[in-house]
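Please keep the sequence and the structure in view as I speak.

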Amino acid sequence: MDLQTAEQRIKELQNLLNQYGYEYYVLDKPSVPDAEYDQLMQELLKLEEEFPQLKTPDSPTQRVGGAILDMFEKVEHAIPMLSLGNAFNEQDLRDFDARVRKAVGDNVSYVCELKIDGLAVSLRYEDGLFVQGATRGDGTIGEDITANIRTINSVPLRLMEPVSIEVRGEAYMPKRSFETLNEARKERGEELFANPRNAAAGSLRQLDPKIAASRKLDTFLYAIGNPEAIGVAAHSEGLDYLDHLGFKTNKERRKCATIAEVLEYINSWTEKRPQLPYEIDGIVIKVDSFAQQAALGTTAKSPRWAIAYKFPAEEVVTTLFDIELSVGRTGVITPTAILEPVKVAGTTVQRASLHNEDLIREKDIKIGDKVVVKKAGDIIPEVVNVLADQRTGEEKDFHMPTHCPECESELVRLEGEVALRCINPKCPAQIREGLIHFVSRDAMNIDGLGEKVISQLFAEKLISDVADIYKLTREQLISLERMGEKSVSNLLEAIEASKANSLEKLLFGLGIRLVGAKAAKTLAQAFGTMDQLAAASKEELTAINEIGEKMADSIVNYFELEEAAELIEELKAVGVNMEYKGARPVTPEESDSVFAGKTVVLTGKLEQLSRNEAKEKIEALGGNVAGSVSKKTHLVVAGADAGSKLAKAQELGIEIWDEEKLLEELNK
């Protein structure tokens, strides 16, 4: 293909893909199947690779890329990004309405919009091309997050018109993306994000754009920086113009002629709020006319023509009586605030995690303080801040101990960690928490052996390690509180049944550091038996896809422990299964399928197969199913709503199939 023909085809492909992306991510009305989009993207990637001089910044292939940053550059906003004043009840809103009408007369209309709980951003375009994205910062100075903003698919890289414009809006994390992110962090043993807003803010401040891309953020644009220059006369017209340019705006907005209509809108969304696929924390009310906005003016901090109604407060004030310490199964010491009981979001809260000593210092928390408490994400109790101005002088500083509160062993802080940790393998608290983990659903799944029963058995010295669970007798169990004949019989049956679990359940239950449920399954499949895994070298472990050096070191170290060897022998003696019972993946040499020896990544929603079913079928044919896309990936199967993994595969030029193609090959 000559240069001129290539240039024409590249422009045609870019326009098509930009249009299809707009329909998918902004309008939520895809007009072509994913397979067709993927095919066109692959063609564009190959052409741009062959003719790199024709690659343009607004190409859909350029969403993710660039080097990891050392720091974010500062950005000065040409027009300050002011914050909004707050209204907390109907009277506040009526007072706002009265002030507006007194200043500009009764011929006023308002635009009501959902207040998205995300991070305010500014996007700048020159001649229709996206050139810069920035955080709000302090309203005058923000940070340049252009590379991360580019990864958000709803942000157009080229506008529908070649205008130079600055627009403002909210970058946010949808509830679904937040749940997926926290599930992944939990599996990796990482601290969970408290709520979607924190997750969105943390994602946009990643120095590596690839991490931001994996978080599946979205945007709603709600303002033009300098609307007078565009020639629109009202805020509602400005929002329509943003739609016209290709931006994603929130369609739940409403124009209201009276404050009564505003209140009706607020009441409606107060009820419907939980049904939204994203978090909102209030309603924004703006005077529609730009001429009236100019007449009303601004204060130093906020405009007089707008106000943010905040939903009924979910933050309450209570007293922090004490700080207790708990020891987790991995030895991490976690401080917990003991609070004067208080009702938050419908339930009584008495305890709230303080995570670690650094957080206590950062928030300047003292025992006896009046503190503000909320439920992060409407679920997890959290101390928001201290009311320092209400201190009496009787408050006491809190100091983390130097020794374990359970076994008195000296605490250590491992390199790269903020948490203090007890590393005594005989620490009673770690043993108890390890027992609770062993019987949990994702591990040995022993129904009837909950936290309370385990704690009671441990306190009565009836069990001291997991092997003791299989030595419990009817006489021992019947002596426990609230354990009748029927309960004891059911529990003994559940314990006996758990002996037959496949190897991965036992591996996860043993609580080997860094080995989550997924890694346990991978290891069980790869080695087949406990003995073979225990004898594996670090090199043999790291040769397995998704087993890194740190995890390999942890596994080797575990099996070198004399106590671990003794425990496994005890478990064998009581009849616990030590073999993998699932379908073992065949080796590439044993299979002549297209999957043999290939690393496959599944992404998006499959209609005819579950993710697990597809994984088992691919592995049965000699393939390896991985959780993330890398240069080692041979094939990506993309179902509906495929996101960052698909984008990365396109960027790397990896072969991409739809579910139909997958089924066709599996049926062969």
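How many bridges join strand β4 to strand β7, and in which sense do the two strands run? Before I answer, please note that this is a predicted model, in which local features need pLDDT of at least 70 and side-chain atom pairs count only at pLDDT 80 or more, while totals for chains, interfaces and linings use all residues. Residues are numbered from 1 along each chain as its sequence is written, and side-chain values use heavy atoms, with hydrogens and water left out.

The answer is that seven bridges join β4 (residues 119–126) to β7 (residues 165–172), and the two run antiparallel. Helices (H or I, at least four residues) and strands (E, at least two) are DSSP runs, numbered from the N terminus. Two strands pair if DSSP finds at least two bridges between them. As one example, Leu-119 has Ala-171 as its bridge partner in β7.

Both strands belong to an open sheet of four strands, in the order β5-β4-β7-β8, with antiparallel pairing. At the edges are β5 (129–135) and β8 (218–224), each pairing on one side only. From one strand to the next, the twist averages 30°. Axes here are lines fitted to C-alpha atoms, for helices over the stretch in contact, and angles run from 0 to 180 degrees between N-to-C directions.

Helix α6 (residues 196–204) lies across β4 and β7 and runs at about 40° to β4. Helix α9 (residues 235–245) also packs on the sheet, where it touches β7 and β8, and its direction makes about 135° with that of β8. Contact means heavy atoms within 4.5 Å.

I turn now to the interior. In soluble globular proteins, nonpolar side chains tend to be buried together. A nonpolar core is a set of buried Ala, Val, Leu, Ile, Met, Phe, Trp, Tyr and Cys residues joined through side-chain atoms within 4.5 Å. Buried means under 20% relative accessible area, exposed over 50%, and partly exposed in between (1.4 Å probe, protein chains only).

The largest nonpolar core has 57 residues, and those with the most contacts inside it include Ile-446, Tyr-470 and Leu-571. Helix α22 (residues 549–560) gives the most to this core, with six residues. Apart from it lies another core, of 35 residues, among them Ile-152 and Leu-221.

Which residues of strand β19 (residues 599–603) are buried? Five of the five are, so the strand is largely enclosed by the rest of the structure. Thr-599, Val-601 and Thr-603 lie on one side, with Val-600 and Leu-602 on the other. Over three bridges, β19 pairs in the parallel sense with β20 (residues 624–626), where Val-625 is the bridge partner of Val-600.

Helix α26 (residues 659–667) buries Glu-659, Leu-662, Leu-663, Glu-665 and Leu-666. Seen down the helix axis, these buried residues fall within an arc of 165°, so they line one face of α26 (the arc is that of the directions from the helix axis to the C-beta atoms). The face turned away carries the exposed residues Glu-660 and Asn-667.

Finally, the structure holds zero disulfides, a disulfide being a pair of cysteine sulfur atoms within 2.5 Å. The sulfur of Cys-404 is 3.7 Å from the closest cysteine sulfur, in Cys-407, which is too far for a bond. Cys-404 is buried, with a relative accessible area of 2%.
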